[in-house]
Amino acid sequence: MRNIAGTVGVGENVSTPEQIISGSPSNRPATAVPGSGGKGTGGSAKPVRSESTAGILFGIGAYGLWGLLPLYFFILMPAGAIEIVANRIVWSLIFCALLITITRAWRVFGAALKDRSVFGPLALAAGLIAINWLTYTFGVTTGHAVETSLGYFINPLVSVLLGVFVLKEKLRPLQWTAVGIGFVAVGVLTFSYGQLPWIALILAFSFGLYGFVKKRVGPKVDALTSLSVETMVLAPFAAITMVVLGVTGAETLTTLGAGHFWLLVSSGVITAVPLLFFGASARRLPMTTIGLLQYFAPILQFVVALLVFHETMTTARWVGFCVVWLALVLLTIDMLRTTRKNSVIKKKARLAAAR
C-alpha cells in the first residue's frame, strides 16, 4: 500500500511512505503559478486548477483501490495469504517488465540495479513490504479486516515516532499530545482484544519503516522502477513458494478454474496501477493534500470490514478507534497549522527579496 517521507507532521514537510514510492522530488505540484505568465498558462489559473483536479482524482483512485483491496482478497479465497502474496509478487514483476518495455525504461531500471545507493535501500524495502503484504493479506483473509484498517490509521503516529527516535526530530506540543493519545488508544484496544493488536502494529511499523528506508532513495527512483526492483528481489522466493505449493497440492492457481486463475494473475495489475496513480497524484498535489488523502484508504477498509465482512465491533473497540481518530485529528490540525505558517513565512521572504 500501500505505497504509500515517512514522518507525517514532523519538521516542515508533511509526507507519507507512499510519497517516497512515487519518487516525487518536491513537496509542491509541478505546475506553473497562476498569473505568472509562464509558458502555457496564458496568465490564467485554469491549467493549475486542471492539474490539481487531476491530482485529486488520481489520489482518490489510488487510495480508493487500496481501500477496496480487502474485497479482492476475499474473492480469491480459499487461496491463503502466502499463495496470494507469492502470486502478487511474480505477476507484478511480469506486469512491470511489460510497462518498462512499453515506456522504454530498461536503461533507467538497469541504472537502479547498478547504483548501490539505490539498490541497497530498495532490497531492504522489499523485505519490509513483503512483511507488510503478508500481514495485511493474512488479516483480511482470517477475519481481522477491522484490525488491518487500524494499522493504517495509526501509521502516521508511527511515522512521527520514527522521526523522534531515528531522525532525532523535535515534536511540537500537538504532536506530543497526539502520540500520547495514540498510546492510550493501543491500551484500550489491547483490553478490548484481550491481547496486543499485533496485526495492526506490524502493519503500522513495517510500513513506517518501509517509508523511512525509501526516504534514503528519495527522488533517485520513480514508482515503476522502485516496484520493479523490489519485486525482482522478492521474485525468487515467491517463485519457490509457488512451486512448493504446487508440489504439495496446496496451491489454488490451477485447480479452481480459469476465473480463479485470471483473478490471481491480475494481482500484478492490481498491485501496480494504484501505485502509478499515486505517482501521478503526488506530482500534481502539495504534500499536505496527499497527507489528507491518505486516510481515505483505511476508512474504506474499515467500512468494508463492517458492512461487507460483518466483523464485530464491541463498545470497547469503538472507544479505542475513536481515541485513535482523535489523535489523528490533532495531528492533522498541527499539520495544517504548520503548513499555513510556513506558507506565510515563505511569502514574506519572497516579498522581502522582491524589495
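Throughout these legends, a residue is called buried when its relative accessible area is under 20%, exposed when over 50%, and partly exposed in between (1.4 Å probe, protein chains only). Please keep in mind that this is a predicted model, in which local features need pLDDT of at least 70, side-chain atom pairs count only at pLDDT 80 or more, and totals for chains, interfaces and linings use all residues. Residues are numbered from 1 along each chain as its sequence is written, and side-chain values use heavy atoms, with hydrogens and water left out.

View A. Helices (H or I, at least four residues) and strands (E, at least two) are DSSP runs, numbered from the N terminus. Of the 355 residues in the protein chain, 51% count as buried. The chain exposes about 16,300 Å², and 70% of that is supplied by carbon and sulfur atoms; such accessible areas come from the Shrake-Rupley method with a 1.4 Å probe, and for residues only the protein chains shown count as cover.

View B. The score, pLDDT, is the predictor's confidence in each residue, from 0 to 100. The protein chain averages 83, and 86% of its residues score at least 70.

**View C. Arg-172 and Asp-334 form a salt bridge.** Here a salt bridge is a side-chain nitrogen of Lys or Arg within 4 Å of a carboxyl oxygen of Asp or Glu. The closest N and O atoms of Arg-172 and Asp-334 are 2.8 Å apart. Arg-172 sits in the loop between helix 7 (145-165) and helix 8 (173-193), and Asp-334 in helix 15 (residues 315-354), so the pair ties together parts that are 162 residues apart in sequence.

View D. A search of the whole structure finds two salt bridges.

**View E. Thr-137 is a buried residue of helix 6.** Helix 6 spans residues 116-141, and the relative accessible area of Thr-137 is 0%. The side chain of Thr-137 reaches the backbone oxygen of Trp-133 at 2.7 Å, a polar contact (a pair of N or O atoms within 3.5 Å; within protein, one must be able to donate a hydrogen and the other to accept it, and residues adjacent in sequence count only if both atoms are side-chain atoms). Leaving aside residues up to four places away in sequence, Thr-137 touches Phe-73, Ala-81, Ile-84 and Val-85.

**View F. Met-77 and Pro-78 are joined by a cis peptide bond.** Omega is about 20 degrees. Pro-78 lies in the loop between helix 3 (69-76) and helix 4. For background, most peptide bonds are trans, and most residues other than glycine have a negative phi.

**View G. Thr-103 lies in helix 4, and Arg-104 in the loop between helix 4 and helix 5 (106-114).** A polar atom of the Thr-103 side chain is 3.4 Å from the backbone oxygen of Ile-100. Thr-103 is partly exposed at 47% relative accessibility, and Arg-104 is exposed at 75%. Phi of Arg-104 is near 55 degrees, a positive value in a residue other than glycine.

**View H. Leu-68, Leu-71, Ile-299, Val-303, Leu-307 and Val-308 form a nonpolar patch on the surface.** Patches are made of residues with over 30% relative accessible area and no salt bridge, joining like charges within 9 Å and nonpolar side chains (Val, Leu, Ile, Met, Phe, Trp, Tyr) within 5 Å. Together the six residues have about 480 Å² of accessible area. Helix 14 (residues 296-307) gives the largest share, three residues. Leu-307, found in helix 14, is exposed at 61%. In the loop between helix 14 and helix 15 is His-310, exposed at 62% and with a positive phi near 55 degrees.

Methods:
Contact = heavy atoms within 4.5 Å.
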